[in-house]
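Visitor: Please put the model on screen. I have some questions about it.

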Amino acid sequence: MTPTLDAAAHQGQTHSSRACQGPPASSRAPLLGSAIALGLTLAACAHVPTNPEARAEYERINDPAEPTNRAIFSANKFVDDHALQPVARGYENHVPARVRKSIHNFVSNLGQPAVAVNDVLQGNLRRAWTTTQRFLINTTVGGLGLFDVATDWNRPGHSADFGQTLGVWDVGTGPSVQLPLVGPSNVRDSFGKLADLATNPASLVLGGPAAVATGGAGFVDGRANMLKTTDELEKLSIDYYAALRNAAAQRRAALVAEGKAGFVSTDREEAPSAPGPVSVDAIAPNQSVHVGDQK
C-alpha cells in the first residue's frame, strides 16, 4: 500500500491501568477511529527510552498493536492489489507524461497554502515566504498551477504537514498504526492527518465536490508515482508489512529533520542535508528489512 497524534493521554492511575488492558471486545467504532484510539491507549502505557540510539530503535519498531495492524494491512493490500494499483498502472500507461505532470503540478499547487501554514507554525518564516511565492507564481504565471514555473525561478517546493509540525516541536510519534486505505503511520501523524483535512485552506475554498475530485486525482497520481518503489520493496523484502512500516517511518523522520533545519533553496548548497530514505537497492533479499528510524 501507499507509504504516507502523538497526543498525550492524561489519565489517573486507575484509568491508565484499565486502559492498558485494551478496548472492550464489543467496541464498534470505525476502523480509523479504532486504530487511533488504540494508539492513544498504547502510547499512555509505553515506556520510551531516553538514550538517543535506544529511542531511535524503539520508535522504528514501536508496534505493540501489530496483530491488529497486520489485519488492517491485509485488507489494505487486497484493495490496493485489486483496485488502486490497476487504476494507477492504467493512469501511468495510458495518460501522456505531460498531462500527468500537469495534474501533479495542479494538485501540488492546491496544497501550497497548507504547506505555508505549517511552515509558519514550525517557525520557518523564510520557508513560508518561499511557499507563498510559489503559490502566487504558479497560480498566475503557471496557469492555475498546471506548470511549475516557481521551481524554474529558484523557488523549489517542499512538503510540510501538521504531523511534521508536531515532530518539529518534539512531539513523539507514539506507536505505529495502520490506517485503512492510507497505510502505515503513527499516532502523532494520524492526528496530523485529521488536522490537515479539517484545516486545509484549499478544501475550505473549493468546497465538497471540487475537493473530492482534486483529492481523488492526487491520490491516483501519488499511487502511480510510488509504483516503482513499492514494487521493488515488495519483491526484495521478506516481510512487506515491516518493510513499508519502516520505510514510512524513515520518510517521516527525514521530513521532521528537514522541518527542524528549516532550509530554503538558497541554503542547500552550503548546509548539510536532512537524512533521506535508504534506496530499496540497498536491501538484500535475504535480510529482514530495516530501512530507517522514525522521529
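Guide: This is a predicted model, in which local features need pLDDT of at least 70, side-chain atom pairs count only at pLDDT 80 or more, and totals for chains, interfaces and linings use all residues. Residues are numbered from 1 along each chain as its sequence is written, and side-chain values use heavy atoms, with hydrogens and water left out.

Visitor: How do helix H4 and helix H13 pack: parallel or perpendicular?
Guide: H4 spans residues 66-94 and H13 spans residues 240-261. Helices are DSSP runs of H or I with at least four residues, strands are E runs of at least two, and both are numbered from the N terminus. The axes, lines fitted to C-alpha atoms over the stretch in contact, lie 11 Å apart at about 100°, where angles run from 0 to 180 degrees between N-to-C directions. Angles under 35 degrees count as roughly parallel, over 145 as roughly antiparallel, 65 to 115 as roughly perpendicular and the rest as oblique, so H4 and H13 are roughly perpendicular.

Visitor: Which residues in H13 meet H4?
Guide: Contact means heavy atoms within 4.5 Å. From H4 come Glu66, Asn69, Arg70, Phe73 and Lys77. Their counterparts in H13 are Tyr240, Tyr241, Leu244 and Arg245.

Visitor: Is Asn105 buried or exposed?
Guide: Asn105 sits in helix H5, residues 97-110. Leaving out residues up to four places away in sequence, Asn105 touches Gly145, Leu146, Phe147 and Asp148. Buried means under 20% relative accessible area, exposed over 50%, partly exposed in between, with a 1.4 Å probe and protein chains only. At 9% relative accessibility, Asn105 is therefore buried.

Visitor: What is the bridge partner of Leu179 in S2?
Guide: Two strands pair if DSSP finds at least two bridges between them. S1 (residues 176-179) and S2 (residues 183-186) pair in the antiparallel sense over 4 bridges. They form a hairpin with 3 residues between them. The partner of Leu179 is Gly183.

Visitor: What is the phi of Leu181?
Guide: Leu181 lies in the loop between S1 and S2. This residue is partly exposed, with a relative accessible area of 45%. Its phi is positive, in a residue other than glycine, and near 65°.

Visitor: What is the relative accessible area of Leu144?
Guide: Leu144 belongs to the loop between helix H7 (125-140) and helix H8 (149-152). Phi of Leu144 is positive too, near 60°. Leu144 is exposed, and its relative accessible area is 56%.
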